[in-house]
Amino acid sequence: MKGIVYKSTGSWYSVKDDLGNFYDCRIKGRFRIQGIKSTNPVAVGDRVIFELEETGDAVTGVIKAIEDRDNYIIRKSVNLSKQTHIIAANIDRCFLIITLNNPPTFTAFIDRFLVTCEAYGIEAVLLFNKVDTLSAEEFGEVKYLAEMYREIGYTCIGISAKTGKNVDQVKAMMTGTTSMFSGHSGVGKSTLVNAIEPALDLKTKAISDQHMQGQHTTTFAEMFDLSFDARIIDTPGIKGFGVVDIEKEELGDYFPEFFALKEHCKFNNCLHLEEPKCAVKEALERDELHWSRYESYKQIIEGDEENYRRNIYDQTP
């Protein structure tokens, strides 16, 4: 039988077959995908082949194989430096939900997410949430950030999951696709999903004032069928985003504005660090590129896994 994984709880997977029936499935024995050392060999969105088993009155499934993935989103596991965690597979579009504060989302985190989307061929859209709560000064800051990412080529939308501002725009982009929602805990992912599809009634929690961070309400990624020909993958709030399996030499290719200048560098393997006649460094000196993006690039290339929750908006050399 063939089906799609809708939910993973670590050891059990909820799989929907071609007729719309859901089965609880598990994996038998060692199940490893070649080349990927992952804590979860099967991810939400995977197309799988499974067999049914009857034990007493219960009918469960055993996943035998995973069909080739179109793409997937992967990050370093929180506690296991050499292991990775596949967040979801076979995604048409990733929406990263960003809040200026309450909790803060910094550019270092946004850039890591965008690099991963670029590397795995997934379109990314930035949603700046809670715009209804911003002061005039904060709104100006969000506008500046959105303009910066638009210049690079990303779609940016200011939204309010609470008031419904521009939610229809998001809905229109989701129609006919499988979308993934991601972001820190507390940015309003579940509130936004509920605004898009109230019937789902996902749990939401208030921000913890003490740390200005959200509390985890989603513990596992889960896919939902929506009423307007769309599927959504809701994911747990993520604190950090460790970039996986990207060589230093190719990292610049996943910053589109750096890639566009690459051919003008003196050396074709230029890392845009200390090399002479580097087109990226020259463009930075002319203020044609954004320093926060370059800081993110350097942070990733230097393997700095500690600081993607700090503010680097204002850092210049």
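Let's start with how the chain folds back on itself: of the contacts in the protein chain with a separation of 6 or more, 64% join residues 24 or more positions apart. Keep in mind that this is a predicted model. The protein chain holds 8 helices and 13 strands, and 51% of its 317 residues count as buried.

**The cores**

Now look inside. The largest nonpolar core has 39 residues, and Leu-126, Tyr-149 and Met-180 are the ones that touch the most other members.

Tyr-149 is worth a click in the viewer. Which residues does Tyr-149 contact, leaving aside its neighbours within four places in sequence? They are Thr-107, Ile-110, Asp-111, Leu-114, Leu-126, Tyr-154, Cys-156 and Arg-293.

**Helix 1 and its two partners**

| Pair | Angle | Axis separation | Crossing |
|---|---|---|---|
| Helix 1 and helix 8 | about 70° | 9 Å | right-handed |
| Helix 1 and helix 2 | about 25° | 13 Å | right-handed |

Is helix 1 roughly parallel or roughly perpendicular to helix 2? At about 25° between the axes, helix 1 counts as roughly parallel to helix 2, because angles under 35 degrees fall in that class. On the helix 1 side, this contact uses Thr-107, Ile-110, Asp-111 and Leu-114, while helix 2 brings Leu-145, Met-148 and Tyr-149. Sorted by class, the contact of helix 1 with helix 2 has 5 nonpolar, 1 polar and 1 charged residues.

With helix 8, the axes make an angle of about 70°, so helix 1 is roughly perpendicular to helix 8. Thr-107, Ala-108, Asp-111, Arg-112, Leu-114 and Val-115 of helix 1 meet Ser-292, Arg-293, Ser-296, Gln-299 and Ile-300 of helix 8. In the contact of helix 1 with helix 8, the residues split into 4 nonpolar, 4 polar and 3 charged.

Next, slide over to His-290, which sits in the loop between helix 7 (279-285) and helix 8. His-290 counts as buried because its relative accessibility is 18%, and the cut-off is under 20%. Not counting residues up to four places away in sequence, His-290 touches Tyr-144, Met-148, Glu-151 and Leu-284.

Most residues other than glycine have a negative phi, and most peptide bonds are trans. So what kind of peptide bond joins Asn-102 and Pro-103? That one is cis, with omega about -10°. Pro-103 is in the loop between strand 8 and helix 1.

Two residues have a positive phi without being glycine. Asn-166 has a phi near 60°, and you'll find Asn-166 in the loop between strand 10 (155-158) and helix 3 (167-174). His-272 also has a positive phi, of about 60°, and lies in the loop between helix 6 (256-259) and helix 7. Are these residues buried or partly exposed? Asn-166 is partly exposed, with a relative accessible area of 30%, whereas His-272 is buried, at 3%.

Methods: Residues numbered from 1 in each chain as written. Predicted model: local features only at pLDDT ≥ 70, side-chain atom pairs only at ≥ 80, totals over all residues. Heavy atoms only, no water. Core = buried A, V, L, I, M, F, W, Y, C linked by side-chain atoms within 4.5 Å. Buried < 20%, exposed > 50% of the residue type's maximum accessible area, 1.4 Å probe, protein only. Contact = heavy atoms within 4.5 Å. Axes fitted to C-alpha atoms, helices over the stretch in contact; angles between N-to-C directions. Helix = DSSP H or I, 4+ residues; strand = E, 2+ residues; numbered from the N terminus. Parallel < 35°, antiparallel > 145°, perpendicular 65-115°, else oblique. Left-handed = near helix turned anticlockwise from the far one by under 90°. Nonpolar A, V, L, I, M, F, W, Y, C, P; charged D, E, K, R; others polar.
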